[in-house]
Amino acid sequence: MSSSGLDSNGKNFTVFFGVSLPLAFACVLYLKSAGVSDANLVVLLTLTARIAFLIYLLVFIARPLRQLLPTDLSKWLLAECRSLGIAFAAVHTVHLGLILTRHDVESLFDRPLIGTAFGATAYLLMYLMLLTSFDAPARRIGPKNWRRLHKTGLYFIGFVFFATLLPEPGEPVYTFDRAWLYTLTGLAVVVRLTAWFAARQRGRR
């Protein structure tokens, strides 16, 4: 393995543990001071989900934003896309720990099967994407399969995120929390679609 590969893998580990460990420590401190209750766990679950979602949106728009606006900011965002993806996985690993703290493993399977299956698939894809962010696994699966995996994971995880924003039966359709998340999601989709149409137009010329 080349020295650049070692540097790349070292950065991946640094990002993952540099995000997950402080976040996990902060969650433990909060629960220690406020108490381990269902309400407090929901607060942390909501917070970690929202942080992960914002990181996800940055990853989602990184490439199309660079295509539309070739600025220093979009260049940096695309260059750090892998690190952002690893940070996303780190936050969602803490989120998974909070889920397992709130529910034991057996009770997770008592929940609606379709929701459990989609959530488990999203986590599986996320960890496969994390694994293949390292040099050796990425080389083993090859560039073509790497692109397929990461593109599938990007869209599937986005779908699951959006599904979690939908109101449960009996819940109000509009809340401030949902409104700003819907707005950011809509803007991200517009950016991606605009870049796609622009690329098609250039291809026709």
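## Salt bridges and a buried histidine

D38 and R102 join through their side chains in a salt bridge, with 2.6 Å from N to O. This pair connects distant parts of the chain, since D38 belongs to helix α2 (residues 38-68) and R102 to helix α4, 64 residues apart. The model described here is predicted.

Side chains of opposite charge can pair when their charged atoms come close. Across the whole structure, a search finds 2 salt bridges. Besides the pair above, K11 and E80 meet through their side chains in a salt bridge, at 2.9 Å from N to O. K11 lies in helix α1 (residues 3-34), while E80 sits in the loop between α3 (72-79) and α4 (81-102), so this pair ties together parts that are 69 residues apart in sequence.

The table lists the relative accessibility of residues from these pairs.

| Residue | Relative accessible area | Class |
|---|---|---|
| K11 | 39% | partly exposed |
| D38 | 43% | partly exposed |
| R102 | 32% | partly exposed |

Another residue to look at is H150, which is found in helix α7 (residues 135-165). Is H150 buried or exposed? H150 counts as buried because its relative accessibility is 14%, and the cut-off for buried is under 20%.

Which residues does H150 touch, leaving aside its neighbours within four places in sequence? H150 is in contact with M129, T132 and S133. With T132, the side chain of H150 makes a polar contact to the side chain, at 2.9 Å.

Key:
Residues are numbered from 1 along each chain as its sequence is written. This is a predicted model: local features need pLDDT of at least 70, side-chain atom pairs count only at pLDDT 80 or more; totals for chains, interfaces and linings use all residues. Side-chain values use heavy atoms; hydrogens and water are left out. Helices (H or I, at least four residues) and strands (E, at least two) are DSSP runs, numbered from the N terminus. Buried means under 20% relative accessible area, exposed over 50%, partly exposed in between (1.4 Å probe, protein chains only). A polar contact is a pair of N or O atoms within 3.5 Å; within protein, one must be able to donate a hydrogen and the other to accept it, and residues adjacent in sequence count only if both atoms are side-chain atoms. Contact means heavy atoms within 4.5 Å. A salt bridge is a side-chain nitrogen of Lys or Arg within 4 Å of a carboxyl oxygen of Asp or Glu.
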